[in-house]
Amino acid sequence: MKRIKAAALLGMCMAVFTACRGKADVNSVSELEQGIQAVEEAVNAERSEISVQDIKSSREVREGTSADTVATPEDFPMEYDYGSGRISDWSREDMLKKTPKPKGNETVLNTVPNPAKIQALYLWEEGNVPAVTRFTEDMDGYFDEWDFRPYVTAIPVRDGVKPKGAVVLMAGGAYQFRGNYTDSLPTAAALREYGFQTFLVDYRLRPYTQEEGALDVARAVRFIRKYADVYGIAPDNIAVMGFSAGGIQAGEFLMHYDEMVDGTKLDADYIPDELDDIPAHTSAAGMIYSFYGRLSVGNMDPDWLSKGELPPTFYVYGTEDPFYTQFEEQYEVIKTMGIDTGRIVLNNWPHGFGSDGGWVEDYAQWLEGIFPSGGALETAGEEGMELFTPETRIQDVIDDPAFEGFGRLVFPVDLGLEGTLTLKEAGNRLVWYSHVNPERTVSIVNEMKARVQRGEKIFYDIYTDEEKKKDSSKEDTGLFYFRGDPGEKFAVVNAGGGFMYVAAMHDSFPHMQELAKQGYHAFALIYRPGAQTACEDLARAVAFIQEHAEEFQVHREGYSLWGGSAGARMAAWLGSYGTAAFGEKEYPAPGAVIMQYTGLSEVYGNEPPTYACVGVNDGIASYRTMERRIKGIRANGTAGEIEVFDGLSHGFGLGEGTVAEGWINRAVAFWEENTDQ
C-alpha cells in the first residue's frame, strides 16, 4: 500500500504540473515545482515509527478494504463513468477529467430542479458572480478557462429510495484541479446507496482565492435548502464533505461564509438575490484526508476554531498520509472542544483514496445519528405523503385531513389571516416579529403532518366540552405536542403576541421542534390573549400534563416553562406564583424558566432559575431592564443567566442566521444544570 501511496501522490503532482503547464509564467511553474518537491519529500519520508498503537482510539483503526467500493452505477450516464472507484485503478486522466457543464445558461435561480436525474446547474447568474480576483482571457495555464462559472451537479438517490438527507461534496486537487472522478463521484455513488442526495460543487480554483470558493459552497447549500422539499429532505439535513483541498474549502465555508454571509462580504458590487435570503446552514461536516485550516497546514487553535461554531465533524484518513499527525492532532482538539466527532483511520493507507477503503457506510450511519431529525424524514414527510411547500396556501394547511378539529389553531386565529396567504408569506403578518424563517414554517407543518400519519396525537384540548360551552373563548385553546423520549422532562413553550394573538409559528412551534429533537417532551400552548386568561390557560396546561404524565411518559418534576415577549411574562408569572394562583391545584414548580425579549422588571424572591436573551436593538423590551432583573434574581441566591445580542431587534425567535443562533442549546444546558442540582 505504501507503493500505491507514492504512485498516487506522485501522479497527482504530475497532474497538477500537467494541468497548469502551457503558457504559465516562469514564477508559476517555479511555485508548482516547489510544491511537487515538497509532496515528493512527504511521500518518501521515513514513517516506520508510525503504528496502530500510536493512535489513541484503536477501535477507530481498521485494515482498509476495496471489497465494497462502489463502481460506476449502471444508471449513470456515460459521461459520469468513473470506473471501479478503487485507488489501484486510477490514472492521471481520471484525476484531470472534468464533469459536464450545465446545459445552456441553466442556473440554480432560473431552473426548476429535477430530482429524477443527474442535473448540472450554474451557481451564479451571468455577470453577477462575487469575486475579488481578476481572471482575464490573456491568463493561461490554469485548470479552468478564464470564463469558468462555478456549478453544482445534483446526483439523486435511486428511484424508490426514501432520502435521508443531502451531502455536498468538494473534490481535492491542491486548488490546482478538481479530482471529481477520483474523489467526489465515487463517494456520491456510494452515499446514494445509503439514501443520501449528493451534490458535487465545481468551486473556483487558482487563480481565485479560498474565500471566493467558499462563496460557491454557500451558494450550493442555499440552493439545496430552497428546494429541500423537491429533493425530499429536511432543510437541516445537509452536510458538507471535502477531500484534501476540498475539505479545506469546506472548512473555509464553515468558518467564515455560512449562514447569512453573502457575496457582498468580498465584493461590494455583487447584487444579492432571493437565494441570499436563505441561510447557508449545514448540520455536519466530513473531513476526508483533510482538516480545518489552509493548504497543507491544519489549524490547532481551539480559540480560532471556536469562532466558526463548527458542526459535528467526521474524519477519515490513513496512517501513511504525510499529514497523518496533523489529522490526529486536530481530531483531538475538535473532540476536546465538545464538538461531536467521528473517525475512521485506515491502517497503512495513503493520502487520496476517495471512497475506497470501506469507510463510507460508517460515515452514512454516523450522519443519520447526527442529523437533526435522526436521518428520518420527519420534516419532509412520510412515504406517500403530499408535502406542503412554501407556495402552499395556509387555508390548505388548515383544511388538511391530518389536522381535522384543530387546523385553525396552527395559525393565529386572532389575526384574521387570509386563507390565500402562502406559507412563505404568512410570517410577514406576525406583528412585532423579525427573522421569521419560511423554511422553518414549511418544516413545522410537514413534521406535524408526518407525525399524525405515523399515528401520533399532536394536539390536546386542555378544557372539557362542558367548560367550552360555558366559556366559548376556551374553544381556541390547546396544546400542540411533539413526543420525546420516555421518562424525559417536558417543556411548555408560550409564544408572544402582545396578548393580542399567539405567534406560535415563529415563537413556540420552532422551539417545540428543536426541543423534541433533543429528546424532550415539547408542548406549545395556544392560549386566550389577555394576561390573566393566558396565565390561567398555562396553569391548566401544566395541570393537564401532570394529570396525564403516565400517558405522555413524562417526568413530573424539573420541567421548564419557555416564552417569548408576552409568553415570557406568562412563564415568569406562573414560575413565581405557581399553578394554584391561577385556579388549579398546586403542582411542582418548574426547574427553570426560559425567557426571551420581555421587559418584565419585578423580582419577588421566589423565582425559579431563569435564563433570558434579548437583542440590543429591541425597541420593545429593554435589554437593560432584563439585565437588572437577572441581576436581582442572582442577588436572591437563584441561578440566573442572560445573553444580549448585538444588532438584534424584537422577536427573533430561534435567531436562525443571526448572531443569536444556537441560544436554545445554551438555554437547554442551563435548564439541565439547574435541575441536576
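Trainee: How many helices and strands does the protein have?
Mentor: The protein has 20 helices and 19 strands. Helices (H or I, at least four residues) and strands (E, at least two) are DSSP runs, numbered from the N terminus. This is a predicted model, where local features need pLDDT of at least 70 and side-chain atom pairs count only at pLDDT 80 or more, while totals for chains, interfaces and linings use all residues. Residues are numbered from 1 along each chain as its sequence is written, and side-chain values use heavy atoms, with hydrogens and water left out.

Trainee: Thanks! What share of the residues count as buried?
Mentor: Of the 677 residues, 60% count as buried. Buried is under 20% relative accessible area, exposed is over 50%, and partly exposed is in between (1.4 Å probe, protein chains only).

Trainee: What about contacts between residues 24 or more positions apart?
Mentor: They account for 76% of the contacts with a separation of 6 or more. A contact here is heavy atoms within 4.5 Å.

Trainee: Switching to rings: how many aromatic pairs are there?
Mentor: A search of the whole structure finds 49 aromatic pairs. Rings of Phe, Tyr and Trp (its six-membered ring) pair if their centres lie within 6.5 Å; planes under 30 degrees apart count as stacked, over 60 as edge-to-face and the rest as tilted.

Trainee: Which kind of pair do Phe314 and Tyr363 make?
Mentor: Their ring centres are 5.5 Å apart and their planes are at 75 degrees, so the pair is edge-to-face. This pair links distant parts of the chain, with Phe314 in strand 10 (residues 313-318) and Tyr363 in helix 9 (residues 360-370), 49 residues apart.

Trainee: Are those two buried or exposed?
Mentor: Phe314 is buried, at 4% relative accessible area, and Tyr363 is buried too, at 0%.

Trainee: How is the pair of Tyr520 and Trp671 arranged?
Mentor: That aromatic pair is tilted, with 4.6 Å centre to centre and 35 degrees between the planes. Tyr520 sits in the loop between helix 15 (509-517) and strand 15 (521-526), whereas Trp671 is in helix 20 (residues 663-675), 151 residues apart. Tyr520 counts as buried at 6% relative accessibility, and Trp671 counts as buried at 0%.

Trainee: Which residues do ring pairs link into a cluster?
Mentor: The cluster holds Tyr460, Tyr481, Phe490, Phe523, Phe544, Phe552 and Tyr559.

Trainee: Where does Arg451 lie?
Mentor: Arg451 lies over the face of Phe482, 4.3 Å from the ring centre. Likewise, Arg204 lies over the face of Tyr208, at 5.4 Å from the ring centre. A charge sits over a ring if NZ of Lys or CZ of Arg is within 6 Å of the ring centre and within 35 degrees of the ring normal.

Trainee: You mentioned Phe482. What is the C-alpha separation between Ala522 and Phe482?
Mentor: Their C-alpha atoms are separated by 5.4 Å, and the two residues are 40 residues apart along the chain. Ala522 is in strand 15 and is buried, with a relative accessible area of 0%. Not counting residues up to four places away in sequence, Ala522 touches Phe480, Tyr481, Phe482, Ala491, Met512, Leu515 and Ala516.

Trainee: New topic: how much space lies in the largest pocket?
Mentor: About 1300 Å³. Of the 39 residues that line the pocket, His281, Glu309, Glu661, Gly662 and Asn665 are the closest to its centre. Helix 6 (245-257), helix 9, helix 15 and helix 20 each supply at least two residues of that lining. On a 1 Å grid over the protein atoms alone, a cavity is a set of points where a 1.4 Å probe fits but cannot get out, and a pocket is an open set with protein on both sides within 12 Å along at least five of seven lines; lining residues have an atom within 4 Å of a point. Grid points are joined across faces, edges and corners, and a volume is the space filled by probe spheres set on the points.

Trainee: How many cavities of 30 Å³ or more are there?
Mentor: The structure holds seven.
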